[in-house]
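Thanks for coming. I will go through one model this morning, starting with a helix and a sheet and ending with some backbone details.

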2 protein chains.
Amino acid sequence: MSETPVPDRRLSRTDEHVHQTWSNAHDPVLSVASGDVVEFECRDATNGRLDADATVDDVRALAERGGGHPLTGPVAVEGAEPGDVLAVDLLDFEHEGFGVSYFYPGELGWGLLPEAFPDPGVHVWRLDGDVGHFGNGIEVPLDPFPGNLGVAPAADGEHSTTPPRRVGGNLDVKHLTAGATLYLPVEVAGGLFSIGDCHGAQGDGEVCVTGIEAPMTVTARLRLERDRDIEAPEFETTGPFSAFAPGDPVYATTGVADDLMDASKDAIRRMIAHLHERRGLTRSEAYVLCSAIVDLKINEVVDRPNWVVSAYLPEGIFPDGQ
Amino acid sequence: MSETPVPDRRLSRTDEHVHQTWSNAHDPVLSVASGDVVEFECRDATNGRLDADATVDDVRALAERGGGHPLTGPVAVEGAEPGDVLAVDLLDFEHEGFGVSYFYPGELGWGLLPEAFPDPGVHVWRLDGDVGHFGNGIEVPLDPFPGNLGVAPAADGEHSTTPPRRVGGNLDVKHLTAGATLYLPVEVAGGLFSIGDCHGAQGDGEVCVTGIEAPMTVTARLRLERDRDIEAPEFETTGPFSAFAPGDPVYATTGVADDLMDASKDAIRRMIAHLHERRGLTRSEAYVLCSAIVDLKINEVVDRPNWVVSAYLPEGIFPDGQ
């Protein structure tokens with residue numbers, strides 16, 4: 001891989017460069033030319049409220065007084081107009097040595113299995129280069145990506161940072177790693193691009209509602225493309241797609257149901273049982289590990305009336321390597 | 001990989017070894033000991049009605065007078081009792097040089113996008129070793145698997161071969177390639193295992209309702225496991241997970257919606273548009289190619305109210321390799 005270009009511009013994560021809603025009324029904090037490389041310092045999803053010493057009490061406090069994902073930006077791209085496409089070349093990610101995974105009290109209804117987890121949970125990871133240390137000898141390969149990145153919507157008002165939209169936002173696409181390019185449909189003049197909520201790793205699905213949440217510095221190139229016509233985010237990627245390489249052992253549980261959400265829940269319930277019974281993790285540890293590393297795949301969506309979703313666990317993360 | 005063991009027993013695909021429903025009343029055509037290796041000759045999903053000369057008229061005829069997937073078996077495993085687990089070690093697959101992908105008339109409601117494809121479609125593939133030739137220089141890596149394999153259900157009666165169930169059946173899990181082991185919960189004495197509906201390749205989702213459908217010969221070991229407790233199929237696999245290796249280029253379209261099925265439809269609609277507009281395929285060719293090679297992934301299922309499903313196209317299949 002070629003070296004990361006020297007950024008043309010930098011944005012620190014100080015208050016004046018951070019916002020916690022999507023809105024086309026946020027004034028740009030930086031204006032760049034198409035093709036410029038920008039270094040974004042990003043806060044973590046909790047806005048620093050869960051750090052390397054986080055406890056479940058901190059999660060309860062976070063649940064009681066939330067706040068949107070802190071996003072660094074917005075950056076205006078000179079000449080961007082509605083109908084254009086903003087290409088975001090993701091070039092580099094630097095973490096700061098720790099990350100946090102957590103889930104909220106079940107009564108709030110967040111995550112795939114709130115009814116199975118009434119109490120909140122938290123897990124602190126030590127990040128060392130491209131390895132995340134979970135504890136118990138479990139080591140997870142890291143390949144960081146931004147959970148939340150997008151441009152401002154045309155719809156006026158302040159919009160929550162939680163749901164993703166056609167202009168991007170909280171996509172949580174774990175394949176947007178260094179080397180990937182995300183295409184976003186521009187809806188307002190300048191585009192108004194922002195980014196944050198970085199994850200050291202995440203399973204497809206992000207089932208407990210968090211990946212390995214971590215403050216990071218992201219380097220990205222912003223380019224306008226006018227010959228492309230898209231309705232929603234599209235992307236190119238060349239990165240690894242899983243924590244396992246072809247040939248590595250994987251254990252999978254299935255969900256067979258007439259609804260994809262129910263099938264997803266069944267597959268993850270069974271993977272949590274597998275991790276608890278066969279690998280000795282607590283159920284809370286298993287839920288967090290599923291969110292960080294287990295991939296949900298749609299196996300088939302056409303054999304009516306039953307669809308199949310499976311949960312894939314890379315077994316190379318365990319100390320015995322199998 | 002070690003050599004495939006010499007089978008202990010063989011089952012040809014003659015009428016007396018083939019059934020087209022799931023039922024615990026089907027007499028076993030073979031009884032084996034736990035650990036025996038069996039070679040199964042399998043017919044294709046259409047029971048030979050679509051061959052290397054298939055046309056859309058043949059698909060219309062198939063739609064008018066269907067019939068279940070022809071399955072080879074059932075095989076009784078001596079000593080198997082309800083509550084046991086049958087482990088199926090998949091060892092080897094041999095195709096016969098051709099495969100067929102097709103989709104039914106939209107009015108029948110099959111497939112992910114029936115409303116977008118009122119007319120049926122068919123595509124014949126030439127299979128050469130581990131490569132499937134689509135035409136237009138497009139070459140797809142093959143890694144065969146059985147679409148439909150399982151044990152007999154405890155529920156009496158004749159059951160359709162189309163929907164998968166907790167005892168397996170039409171799982172269409174493309175990761176059950178040579179080297180994988182499928183675990184199935186036994187519900188009746190002897191287990192009564194059957195297999196068929198082999199695919200040379202398939203994308204996660206199988207969106208048009210078929211993979212590369214092909215007659216094949218499958219070699220598998222049948223083993224009882226009594227220390228395992230499962231509610232639904234589980235599996236171990238070490239095979240490749242996609243038609244692309246880590247580092248290969250991939251293009252992806254996204255669906256962002258408050259329902260996983262709607263998100264899946266949007267992602268595939270956009271991938272069909274991409275293949276048509278950027279790669280010059282007809283929309284019918286694009287639908288078939290999506291079903292054979294494009295993977296649907298659940299990116300996130302927790303950022304309420306909007307979930308994200310993306311469709312991943314391996315670009316190495318095109319003649320220019322990118």
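Let me begin with helix α1 of chain A, residues 56–64, which lies across β7 and β8 (121–128) of chain A and runs at about 110 degrees to β8(A). For the terms: helices (H or I, at least four residues) and strands (E, at least two) are DSSP runs, numbered from the N terminus. Axes are lines fitted to C-alpha atoms, for helices over the stretch in contact, with angles from 0 to 180 degrees between N-to-C directions; contact means heavy atoms within 4.5 Å.

Before going further, this is a predicted model, in which local features need pLDDT of at least 70 and side-chain atom pairs count only at pLDDT 80 or more, while totals for chains, interfaces and linings use all residues. Residues are numbered from 1 along each chain as its sequence is written, chains are lettered from A and ligands numbered from 1 in the order in which they are written, and side-chain values use heavy atoms, with hydrogens and water left out. Chain A averages a pLDDT of 95, and 99% of the residues score at least 70; pLDDT is the predictor's confidence in each residue, from 0 to 100. The complex is given an ipTM of 0.95 and a pTM of 0.95.

Back to the sheet. Four strands of chain A form an open sheet in the order β7-β8-β9-β10, with antiparallel pairing; two strands pair if DSSP finds at least two bridges between them. At the edges stand β7 (98–103) and β10 (138–141) of chain A, each with a single partner strand, so one side of each has no neighbour in the sheet. From one strand to the next the twist averages 30 degrees. Strand β9 of chain A, residues 131–135, pairs with β10(A) over four bridges, and G135(A) stands opposite I138(A).

Now to chain B. How many residues of strand β14 (residues 193–199) of chain B are buried? Seven of the seven, so the strand is largely enclosed by the rest of the structure. Buried means under 20% relative accessible area, exposed over 50%, and partly exposed in between, with a 1.4 Å probe and protein chains only. Strand β5 of chain B, residues 71–77, is joined to β14(B) by three antiparallel bridges, and L71(B) has G196(B) as its bridge partner. D197(B), in strand β14 of chain B, has a positive phi of about 60 degrees although it is not a glycine.

Next, S291(A), which lies in helix α3 (residues 283–293) of chain A. S291(A) is buried, at a relative accessible area of 0%. Its side chain reaches the backbone nitrogen of C208(A) at 3.0 Å. Leaving aside neighbours within four places in sequence, its contacts include V209(A). V209(A), in the loop between β14 (193–199) and β15 (216–225) of chain A, has a positive phi of about 105 degrees although it is not a glycine.

Two cis peptide bonds to note. One joins G73(A) and P74(A), with omega about -5 degrees; another joins R304(B) and P305(B), with omega about 0 degrees.

Definitions and conventions: Polar contact = N/O pair within 3.5 Å; in protein donor to acceptor, adjacent residues only side chain to side chain.
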